[in-house]
Amino acid sequence: MSKPKSLKDLLLIHELAFIMLVCLAGAAGGVGIHLWDKSSHESQRINLLIQEIQQTRGDLYRQMKELFDAYFLKDPQAKDEYDAYTVSVGAHFVKLNRLAVGDEERAAIDELRKSYATFITETSTIFNHQNEVSDELIEKTLNSNLESGIFQRYEIVSARAERLLSLKQKELQQRLDESKRTSLTLLTIPILLATLLLLFSRVFLKRAIVLPINALLHATTEISAGRLEHKAPRKGAEELATLSGAINDMADKLTQSQDALIRTEKQATLGLLVPMLAHNIRNPLASIRASAQVADSAELDQDTRESLRDIISTVDRLERWTGSLLSYLHPMQPQPTLSKLSQIIHGSLSPLQQKIAEKSIELELPAWEKQDDSIYTDEHLLEQALYNLLLNAIEAVPNNSKLEIHADLSRETVRLMIADRGPGMPFTPDPHAISPGPSTKRFGTGLGIPFAFKVCDSLLGRITFSPRKGGGTLIEIELPRFHQPAVS
């Protein structure tokens, strides 16, 4: 399951999406404006080219007029006017060359300029040799060569250039129309995306925020009503999912506290009932055991004798359970005396010798003769706690294995270590557990380890359990060596 995004990330994504749409809309507008501006400039350039060509033709007409005025009207100023128009046409051609773009336009303008140059060459001859040439020849030149020849050819070249520019202007108008359509399309896309984002935001906000908040409110209502099993769904934004998890954890802790309170009340009730029940149970158990021992005779058949032994074994087990329960529930009152640690360990191992022999367990004990092992503690309580821990270790290890007991005595503390090669503990013992821990044995009560915790606590010590490398469990008991234990 993917991790939900936080509200901060979701808002950032939302803002980035809107910024992207704004940028896209701006880019679309910018592209449209650029295309429009480019087309406008190109259209303006072509219009200027056409205008200059037309002005060049107009000046050419005026030059022709001045030529006729000089010949027919004998106008003395005609030559000056003619030269002025020549300068003006030259300026027009400079502008045309500056405005022309591409080989095709430059070629048309160059052809137009050459045609005009031919006109200038012919007309200059008339002005320069006006007194040397007959009127008849000049008239023929004006009518045939210039008007119907050079001038007509200039008109054809000029018309061709204007046609070229008109075609370009038409193509430009088509591109301009296309740019309009493109700009409208580009502007439509951000609008559509913004609409989709708006719809998505509505659905997203409902799923990521509104519905999870409603679920949280419902969960808090259910939990406050005492239905602690109700769970808030962990969905929506990360903060809301975290809040749901915190509410669920709170409900679990309330459930545990409620269960612990019930267990405490039950345990307090047991503390009052168990001593009376133990007294009432032990007397019949003793009678049953005594009767079974008396009835056990060599004269009975094998099945009957095995049944009697089972009765005795069951009575002994019930007696152990009753004793363990009494020891666990009753407040402890340590009676410390100066004792020997070696005697305490041997005392705890003494009832276990038969089990050790049956499983062929090799014991490794500390070398007591090399050190002073005196300790100020409650010998009987410590012996009983060690007995429970050693019993667990012996029953856990396989046959023909090794059980190690080490002791490290300093001036202030005593450190005992019990190391086995069993399968290891399936759970971590909790010294603060309200109820006994689980038992891994078929007929176990689960009181052995809690009892050891309680003893060490009353003797101002502590116990730790840790797995051994290669398998097994290491139990470490640390006690003050000569400190006065507390009285519960």
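How many helices and strands does the secondary structure of the chain come to? The chain holds 10 helices and 7 strands, where helices (H or I, at least four residues) and strands (E, at least two) are DSSP runs numbered from the N terminus. This is a predicted model in which local features need pLDDT of at least 70 and side-chain atom pairs count only at pLDDT 80 or more, while totals for chains, interfaces and linings use all residues. Residues are numbered from 1 along each chain as its sequence is written, and side-chain values use heavy atoms, with hydrogens and water left out.

**View 1. Packing of helix α9 against helix α10.** Helix α9 (residues 379-396) packs with helix α10 (residues 448-458) at an angle of about 150°, their axes lying 9 Å apart. Axes are lines fitted to C-alpha atoms, for helices over the stretch in contact, and angles run from 0 to 180 degrees between N-to-C directions. The angle makes α9 roughly antiparallel to α10 (under 35 degrees counts as roughly parallel, over 145 as roughly antiparallel, 65 to 115 as roughly perpendicular and the rest as oblique). Contact (heavy atoms within 4.5 Å) involves L381, L382, Q384, A385, N388, L389 and N392 of α9 together with G448, I449, F451, A452, V455 and S458 of α10. These residues divide into 8 nonpolar, 5 polar and no charged; Ala, Val, Leu, Ile, Met, Phe, Trp, Tyr, Cys and Pro count as nonpolar, Asp, Glu, Lys and Arg as charged, and the others, Gly among them, as polar.

**View 2. Crossing of helices α7 and α9.** The axes of α7 and α9 cross at roughly 50° and come within 8 Å; the two helices are therefore oblique to each other. On the α7 side the contact is made by Q343, I344, I345, G347, S348 and L349, and on the α9 side by E379, L382, E383, L386, Y387 and L390.

**View 3. The largest nonpolar core.** Such a core is a set of buried Ala, Val, Leu, Ile, Met, Phe, Trp, Tyr and Cys residues joined through side-chain atoms within 4.5 Å, buried meaning under 20% relative accessible area (1.4 Å probe, protein chains only). Among its 37 residues, L341, L386, L389, I418, I463 and I477 touch the most other members. Helix α9 gives the most to this core, with 9 residues.

**View 4. Surroundings of I477.** Leaving aside neighbours within four places in sequence, I477 contacts L386, L389, V414, R415, L416, C456, R462 and I463.

Definitions and conventions
Buried means under 20% relative accessible area, exposed over 50%, partly exposed in between (1.4 Å probe, protein chains only).
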